[in-house]
Amino acid sequence: MRKNKYLRRGLLVAGVLLVPLMFAFSWWYCTGYYPRKNTVIGPVHAFTLDPVPAFLSDTLAVEKATEAIARDGHDPTQWHPRENRRGTAPDGTRDVYFHRNGEYHDLGEIEFVQRNGDSLPRISVAVELSGNQVRCRVSYMKYAP
């Protein structure tokens, strides 16, 4: 009878202490450690535009994202933008590659995949038009999260 009492107390203490500890470790690993280990984020590249466009078009976003990839040291001939036909530009034209932010139409993302057909690694470029500058930041994902 005494063994059973101590066993129940031990399981209760272990459950009270270990469950939150395991939850905290899992939270830290999934939100902090693993994404940092998986992704390399480059610096912001700013491109000045002489005639300022009314909005960030799909072709301009792809052009500047490709230049940003080249500046980060990746060979742009080995990467191509992945189609994402879900967005629409402010003038009503359908975007092919540029995934626009829902509220702010001059901000979005373009994902690049390898030309040889491999699904990993991937490059994601955040593109933003601000005034007369297009700012791009390249994220290189090594493997699937």
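Biologist: How many residues lie between β5 and β6 in the hairpin, and which residue in the turn has a positive phi?

Modeller: This is a predicted model, in which local features need pLDDT of at least 70 and side-chain atom pairs count only at pLDDT 80 or more, while totals for chains, interfaces and linings use all residues. Residues are numbered from 1 along each chain as its sequence is written, and side-chain values use heavy atoms, with hydrogens and water left out.

Two residues lie between β5 and β6 in the hairpin, and Gly 131 in the turn has a positive phi of about 70°. Strands here are DSSP runs of E with at least two residues, numbered from the N terminus, and helices are runs of H or I with at least four. β5 covers residues 122–130 and β6 residues 133–141; the two run antiparallel and are joined by nine bridges. Two strands are said to pair if DSSP finds at least two bridges between them. Within this pairing, Ile 123 has Tyr 140 of β6 opposite.

Asp 95 counts as buried because its relative accessible area is 1%; buried means under 20%, exposed over 50% and partly exposed in between, with a 1.4 Å probe and protein chains only. By contrast, Val 13, at 48% relative accessibility, is partly exposed; Val 13 belongs to helix α1 (residues 2–38).
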